[in-house]
Amino acid sequence: MEKVSRLHAIRVSESVGFGRITFLFRLVRSFRTSRLASFWLVASVWLFLVQTVADADRYQSPINFVDVSAQAGIHFTHTNGASGEKYLVETMGGGGGFLDYDNDGLLDIYLVNGGPLPGFKSNQRLRNALYRNQGDGSFRDTTEEAGVSGNGYGMGTAAADYDNDGFVDLFVTNFGLNTLYHNNGNGTFSDVTARAGVQGDGGWATSAGFFDHNNDGFLDLFVCYYLDFDLDHNVRCGEHYRKGFRSYCHPDQYPGLSNKLYRNNHDGTFTDVSKTAGIANLEGKGLGVVLADLDDDGFTDIYVANDSVANFLYHNNGNGTFTDVGLISGTAYNENGEAQAGMGTDISDSNGDGRPDILVTNLDFEGATLYQNNTKGSFTDVSFPSGLAEATLRFVGFGTRFVDFDNDGDQDIFIANGHVIDNIEQVSDTIKYLQPKLLLENRKGRFVNMSKQLGPALVSPSAGRGLAIGDYDNDGDIDFLVMNCNQPPNLLQNQGGNQNHWITIKLVGLLGNRDGIGAKVHVVAGRMTQRQQVKGGMSYLSMHDPRLNFGLGKAEKVDLIEVHWPNRDVDRVRDVNSNQIVTIRESQGLAKDPREKR
Amino acid sequence: MGKSTVRTAQRVIQIAGLTLFCLCLYCEPPSQAKAGAVLHEHRVDHLHRGISLFKAGQLALAEIEFAKALTEKRQSAQAYYFLGMIAFQQSKVEQAERMFSRAIELNPLYAESYNSLGVLYDRQDKFTQSERAFQTALRLKANYAKAHFNLGLSYRRQSRIELAVQEFLYVLHIEPHHNLAHSELSEIYGEQKKYALAAQHLEEELRLSTAPAMTHVRLGEMYFNLSHFHKAISHFVAATEKDPTLALALSHLGYTYKTLGEYEKAQTYFDKALSVDSANTEASMNLGLLYLDKNELGKASRLLKATVLLDSNQVEALYHLGRIYLRDGKLAEAVSALQAAIQKCPNHTQSYYQLGMAYQELIETRLAAENFQLFKQFERKDRSERKNRKLQY
């Protein structure tokens, strides 16, 4: 309804403008000969200009984001299990995201819930939730029939076809043992955690991602771990501010935990190769991870956003080992040499130079950080010069993605915000717990906050945590799923983002991993060349549409799609019409996928 | 005349003489009695007159009066006490000590003498003696707020902060409106980063008296540290209303707006601060940093250089100048500025980081590694200090 009325409003104002011009022309003709005519002419011109300016002020962007969670049938509320003891884990969840678990070409949704903590009083059973996309804008809760209700205190998710059987599997991280669900291919999942060997050792796991670290064609699993925090030894914090005041502790209070890398053994099992790979490091407090090739050497690297300690950039040495080059690359700290809060992270080419840059969200008054990729393996912190820091200074950012929300061909930024401290308003007169989302438009390398112009759903405040992006309605523009702490999620439908041309590319690997993770895609449309890669991880606690969306601006067709597969094969497809979802199979080229529905 | 008559007459004369003698003893002759009365009256006048003159700040005249009081037969502990106070104010330490000691000899129960002696010893860093003197004063006079306060000051000078806090709190228990105790506590809590407590005491100071502009500035600083930015702004504004030439308040306003990302307002206030006081290093440095954030390196560099010229000990300015040079690709200048910062402050963590980055650009791998190692060392220490404060997120 809203979309229709907005278009109607635009047409009305256009016709009014045209009507004025016609009127003015007639006026000039009829009043050529008199002084009175001159007066009326001048007055009319003035009135016309004033009205046009006024109309321009009222003019909203044609793009609008609408929260359709309720009408889509997503009746889920994240529950953090809090009891007043301020266990830090309460304030850090929840995650979830998009996956097409039934291969019908439509993105389904999985949402992770918290769990009861000591002192939590409720009879309600807390479970994760799987919602199947019905294709008509609505979703159906299929959690129980699928067998993915979860166990323990949920944090985040990662989804990928780890056994290359054609069906996406699901990994859930917990505060406690993790869970791996194998997709049975018939709408159900089986818990194969114990057999797979990826349960972890009961610590606090956060974000995770699948990627092929050794290019053997099978997806491995990277899991971030956060703090060595245990409920029986909860530190009491906040009294330094005011006697009797209690709040969540700073992560400085607890030691970090080492992240884990599980190598896929090709038989449904994994081996923990963290130590031999060189990624076991107790100095980290991992919250976000993104897995992508940062130096274009054909091997996927790992970037971990750590909380209040140096971030890690693990360069893949190509031999199963990694080297942390965070410090020397300039991506461990901000430009001032300070460790920041480091929650969510993503990688993309933000300035069109062909090299992927790194985005990290942080606490209020730190600002989000954008590390621009130079040559020679170094990065420059351009957070302030790009306008990103200024736009994000007052917010606590969690989930984040680069996204071309308006399909104009450049990478914008979306951030889900929400403070960590639920009683922050008792200690600050400026900062709020619930915070608006931020959608920052990329204007030639400078990021500008557009949230207010893109619909009230974006400025509606919440305790934002996870953020997943995907085109759930297959209409060519990217929608957002924001997961909030102790609140319902927001499914934000992008209405109008497909007014520019676009193309969505799904990759199917045959020699490499089936999801095509690690593949790089170059798209050329007219004068525009764009590069993206199929990445693992991304954002915070979230999983995303595995397809790559390219905004084409005014270009009506794509001249070239070039896919560089992880095994270094290259496929090229030429002269593809825009505004469609295409599937490219490794070594086979463009395939018509009958399951893609619109 | 017989012998008996002579004997009687002798007796009468003896008795008369005895009577007269007794009378002389107990009754002063008229002229002497009057003189004595006048003498007594003068003694009282000299002491009180001296006290009035002392209170009026006329120390020289007061000294004369006290000296006169002491030329009288009766020794006055009070007179010695005040002479001691005069000598103290004239920085005649030994004389003051003698006077106070004498006052104590004459009146060992006069608490004020011990208090002042305590202050005297404290100024000479004779802390054991000063503490003893203060404690004696406190034993003699219950709820002697001044002695508690002075003891608190002494403890503070000795960095025995917890004891100092106890004394100042006790002063407030006795006299809740003791402005100076509030002021001391606000400073101590501010140094301990207990900003809420510091703000509480500063608010009391403001409530109790027409506080100077600087009190508003200090309170604004506490609120800034508590992230109560609107309150901080209101107090900085109040400070500028009391004193429009207070560059520090204007500069703080600029810094607060900069923190909030309101760069235009920040720039306005920094410019105002510099127009009032072109030598205000805080304003020039922070305006320079604002330009650095906006990537206007030329302007940033000029302001930071000016800051360093104004105050060559400004470590932060040297450090940020190094940052600017590094961003601008002027590596040699960056190294020089950063090394200067480290020389002035060998544990300036961020300088080691930037120096490491600079040497890396210069492909001086060993020097880069050394500086990064030092940076990590200091960074761990900073984190450990933060941990001890049990901060909220």
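**Entry 1: chain B overall.** I began with burial in chain B, where 42% of the 393 residues count as buried, a residue being buried if 20 or more other C-beta atoms lie within 10 Å of its own, exposed if 12 or fewer and partly exposed in between, with C-beta atoms placed from the backbone. I note that this is a predicted model, in which local features need pLDDT of at least 70 and side-chain atom pairs count only at pLDDT 80 or more, while totals for chains, interfaces and linings use all residues. Residues are numbered from 1 along each chain as its sequence is written, and chains are lettered from A and ligands numbered from 1 in the order in which they are written.

For secondary structure I found 21 helices and 0 strands in chain B; helices (H or I, at least four residues) and strands (E, at least two) are DSSP runs, numbered from the N terminus. Among the contacts of chain B with a separation of 6 or more, 39% join residues 24 or more positions apart, two residues being in contact if their C-beta atoms, placed from the backbone, lie within 7 Å.

**Entry 2: helices H7 and H8 of chain B.** I looked up how H7(B) (residues 127–140) packs on H8(B) (residues 145–157), and the angle is about 160 degrees, with the axes 9 Å apart. Axes here are lines fitted to C-alpha atoms, for helices over the stretch in contact, and angles run from 0 to 180 degrees between N-to-C directions. H7(B) and H8(B) are therefore roughly antiparallel to each other, since angles over 145 degrees count as roughly antiparallel, those under 35 as roughly parallel, 65 to 115 as roughly perpendicular and the rest as oblique. H7(B) passes H8(B) in a left-handed crossing, meaning that the near helix is turned anticlockwise from the far one by less than a right angle, whereas clockwise would be right-handed.

On the H7(B) side the contact includes Phe127(B), Glu131(B) and Phe134(B), and on the H8(B) side His148(B) and Leu151(B) are among the residues involved. By class I noted 6 nonpolar, 4 polar and 1 charged residues in this contact, where Ala, Val, Leu, Ile, Met, Phe, Trp, Tyr, Cys and Pro count as nonpolar, Asp, Glu, Lys and Arg as charged, and the others, Gly among them, as polar.

**Entry 3: helices H13 and H14 of chain B.** I then turned to H13(B) (residues 229–242) and H14(B) (residues 247–259), which pack at an angle of about 155 degrees with their axes 9 Å apart. H13(B) and H14(B) are therefore roughly antiparallel to each other, and H13(B) passes H14(B) in a left-handed crossing. Among the contacting residues are Phe229(B), Ile233(B) and Phe236(B) of H13(B), together with Leu250(B), His252(B) and Leu253(B) of H14(B). The residues of this contact divide into 9 nonpolar, 3 polar and no charged.

**Entry 4: a sheet in chain A.** I traced an open sheet of 4 strands in chain A, ordered E10-E11-E12-E13 with antiparallel pairing, two strands being paired if DSSP finds at least two bridges between them. E10 and E13 (270–272) stand at the edges, each with a single partner strand, so one side of each is left without a neighbour in the sheet. The twist averages 20 degrees from one strand to the next.

E10(A) (residues 205–211) pairs with E11(A) over 5 bridges, and Ala208(A) stands opposite Val223(A). E11(A) is joined to E12(A) (residues 260–264) by 3 bridges, Phe222(A) having Leu261(A) as its bridge partner. A further 3 bridges join E12(A) to E13(A), where Tyr262(A) is partnered by Asp272(A).

I checked burial along E11(A) (residues 220–225) and found 6 of its 6 residues buried. Asp220(A), Phe222(A) and Cys224(A) point one way from the strand, and Leu221(A), Val223(A) and Tyr225(A) the other way. In a regular strand the side chains alternate between the two faces of the sheet.

**Entry 5: further along chain A.** I found 5 of the 6 residues of E34(A) (residues 548–553) buried, so this strand is largely enclosed by the rest of the structure. E29(A) (residues 501–508) and E34(A) pair in the antiparallel sense over 5 bridges, with Gly553(A) as the bridge partner of His501(A).

I located Ser587(A) in the loop between E37 (580–585) and E38 (589–591) of chain A. Ser587(A) is partly exposed, with 13 other C-beta atoms within 10 Å.
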